[in-house]
Amino acid sequence: AKRPLLMIGAGANRQRSIRAIRQFVDETGIYFFTTQMGKGVIDERHPQYLGCAALSSEDYLNAAVGVADVIINVGHDTVEKPPFFMYSDAKEERTVIHLNFYPALVDNVYFPQVEVVGDIANAIWQFKEFLIAENLHFDVPMYKYIKEAIDKALIAGTTDTSFPMNIAKVVKDIRDVLPEDGIAS
C-alpha cells in the first residue's frame with residue numbers, strides 16, 4: 001500500500017480496541033475517518049482525522065477515499081449506511097480490508113477483498129507491529145493537503161457573530177467549553 005486509509009466503524013468502539021486503534025494511528029501516521037457510530041474512538045481534533053463518512057460525491061473525505069489504494073475498514077457494521085462507494089467492475093482500484101469480530105455481510109454495496117475476523121485490538125496491534133517492523137512509509141501529501149482544506153473550511157465562520165448563529169460557530173463554542181473527553185451528540 002502506498003496510500004492506506006483507516007475507517008473506524010461501530011464495532012471499533014470497544015475499550016480495548018480504542019487503545020489499539022489510537023496507537024495504530026499515532027505510530028503509523030495513517031490518516032483515518034469514521035462512520036457516525038465510530039465517532040469518539042479517536043478525538044476529531046487529531047491531526048490525521050479526515051471526517052465522518054457520508055455518501056456524498058463532492059466532499060473532502062470523498063476525495064481522500066478516492067486516492068486511497070487500501071482502506072482498512074475496522075468495525076464496519078451494516079446497520080450503518082455504507083461508508084464509501086465500492087464498485088464491482090474495473091473502476092475499483094483499491095483493496096478493502098474488513099477487520100471485525102465477525103465476517104463481512106457481503107452484498108452489492110459492501111464486498112471487501114480481504115477479511116480479518118477476530119479480536120479487533122489484537123489484529124490492529126499486529127498490523128501496527130508489522131508496519132513498524134517493515135519500516136514502511138506512506139505517500140501522505142495528498143491527505144495532508146485534504147486535511148488542511150478541511151481545517152480551513154471548519155475554521156471559516158467560527159468567529160461569525162451574526163444571528164441566527166452558523167453551525168461552525170456553535171460547534172466551536174461547544175468544543176471550547178466541553179472537557180477533552182466530552183461528547184456532544
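Y60 has its place in helix α2, where helices (H or I, at least four residues) and strands (E, at least two) are DSSP runs numbered from the N terminus. This is a predicted model, in which local features need pLDDT of at least 70 and side-chain atom pairs count only at pLDDT 80 or more, whereas totals for chains, interfaces and linings use all residues. Residues are numbered from 1 along each chain as its sequence is written, and side-chain values use heavy atoms, with hydrogens and water left out.

Leaving aside neighbours within four places in sequence, Y60 is in contact (heavy atoms within 4.5 Å) with I146, A149, I150 and A153. Y60 and Y143 lie 83 residues apart in sequence, and their C-alpha atoms are 9.7 Å apart in space.

T34, by contrast, belongs to strand β2 (residues 32-34) and counts as buried because its relative accessibility is 2%. Not counting residues up to four places away in sequence, T34 touches I8, K39, Y49, G51, C52 and A53.

For the chain as a whole, there are five helices and six strands, which follow the pattern β-α-β-β-α-β-β-β-α-α-α along the sequence. Of the 185 residues, 40% count as buried, and among contacts with a separation of 6 or more, 61% are between residues 24 or more positions apart. The C-alpha trace spans about 50 × 35 × 35 Å along its principal axes.

The largest pocket has a volume of about 1500 Å³. A pocket is here an open set of points on a 1 Å grid over the protein atoms alone, where a 1.4 Å probe fits, with protein on both sides within 12 Å along at least five of seven lines; lining residues have an atom within 4 Å of a point. Grid points are joined across faces, edges and corners, and the volume is the space filled by probe spheres set on them. Of the 41 lining residues, K39, E44, Y49, V171 and R175 are the closest to the centre of this pocket.

Conventions. Buried < 20%, exposed > 50% of the residue type's maximum accessible area, 1.4 Å probe, protein only.
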